Amino acid sequence: MTKETDIKITEVALRDGSHAISHQYTVEQVTAAAKALDDARVPYIEVAHGDGLGGSSLQYGFSKTDEFKLIEAAVSATDFSKIAVLLLPGIGTIEDLKEAAALGANMARVATHVTEADVSEQHLQTAKELGMETVGFLMMSHMVSAEKLVEQAKLMESYGADTVYVVDSAGAFLPHQVKERIKALREALSVNIGFHGHNNLSLAMGNTLAAIEEGATRIDGSIRCLGAGAGNTQTEVLIGVLDRMEIETGIDLYKIMDVAEDIIAPILQKPQEIDRDSLTLGYAGVYSSFLLHANRAAEKFSVESRDILIELGKREIIGGQEDMIIDVAAELAETNKTSV
Ligand SMILES: CC[C@H](O)CC(=O)C(=O)O
Ligand SMILES: [Mn+2]
């Protein structure tokens, strides 16, 4: 019999972690990870290109494997876990959503910039019609006040989102800011509230606990921190912490530790740590998925990634404006030349 859970976890390494490995997942890796996560009784596993359905492109980076093959593999490997997909309107299409649903994905997470919830209407409604569980995912939530966040979250709720997430894409939030926003959403909405953190300021766990304290019941984690930037709230650690707090997730602690150690660690191209670049993401409030793009641009133009990221933060560059990373690197290189 399934135990009642207090918090439902979505494991995002097979989607958010795709950024950290330049979207190079193979069917074998996804099958092994999904099977083991299913055995550990993780309720939801998100699978897609890092930038969501349709993300495989010159702008965002080509996937090694067609994401629908990865979704199909994850669905076949799981009995208990539900497979979630992320979709950013404008990158992914309604057709992509239908294809994912036909393959057996049963949760649609529709992500927009925090001020652009209105573009999620059609996608959330279609997901509902397809019988999927629906999530509205407000990215870069740190860029707006609690009042603005409530306004945008209410739009998603009105379009049929079963859950609305506060998404700390840049890992820039401080715990008191998370508390204020989750409390405001909990008071204004009647749907579930979720939190998705990034660990760039080493606050993903603290912010997640702050969110739970204020009533968030849907939480994202990435196993072994395999997510963009310094990764997300580390799933296996979170399960241990929540267990100590007597908060039920239904996930087997030993099994999830083993997935991290035996299946995910070998996939990592380098350990997920807070280095000067990921720290800069959180400090400057920059989208975590910009990290590898900034690293590549830094190398090409012989400038520091850190300087690029600080400048992107000043200009408040958001998802979809990845081409600006190259422009900023080129401008910095030009400034460096003229100042010598
Ligand atoms: C590019 C989509 C992005 O990675 C979604 C996400 O996980 C976030 O904003 O943190
Ligand atoms: Mn993320």
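View 1. The model is predicted: local features need pLDDT of at least 70, side-chain atom pairs count only at pLDDT 80 or more, and totals for chains, interfaces and linings use all residues. Residues are numbered from 1 along each chain as its sequence is written, while chains are lettered from A and ligands numbered from 1 in the order in which they are written. Gly231 sits in the loop between β8 (218–221) and α9 (235–244); helices (H or I, at least four residues) and strands (E, at least two) are DSSP runs, numbered from the N terminus. Gly231 counts as buried because 33 other C-beta atoms lie within 10 Å. Buried means 20 or more other C-beta atoms within 10 Å of the residue's own, exposed 12 or fewer, and partly exposed in between, with C-beta atoms placed from the backbone.

**View 2. The shell around ligand 1.** Of the 13 residues around ligand 1, Asp16, Asp51, Met139, Ser169 and Ser289 come nearest; a residue is near if its C-beta atom, placed from the backbone, lies within 6 Å of the molecule. The shell holds four nonpolar, seven polar and two charged residues. Here Ala, Val, Leu, Ile, Met, Phe, Trp, Tyr, Cys and Pro count as nonpolar, Asp, Glu, Lys and Arg as charged, and the others, Gly among them, as polar. Domain 1 (8–267) and domain 2 (276–338) each supply at least three residues to this shell; the domain bounds come from an automatic or database assignment.

**View 3. Domain 1 against domain 2.** The C-alpha centres of domain 1 and domain 2 are 25 Å apart. Their contact takes 21 residues from domain 1 and 15 residues from domain 2. On the domain 1 side, eight nonpolar, 12 polar and one charged residues touch domain 2.

**View 4. His113 in strand β4.** His113 belongs to strand β4 (residues 107–113). With 21 C-beta neighbours inside 10 Å, His113 is buried. His113 touches Met139, Met140, Ile318 and Gly319, again not counting residues up to four places away in sequence. Val303 is 190 residues from His113 in sequence, and their C-alpha atoms are 29 Å apart.

How values were computed
Two residues are in contact if their C-beta atoms, placed from the backbone, lie within 7 Å.
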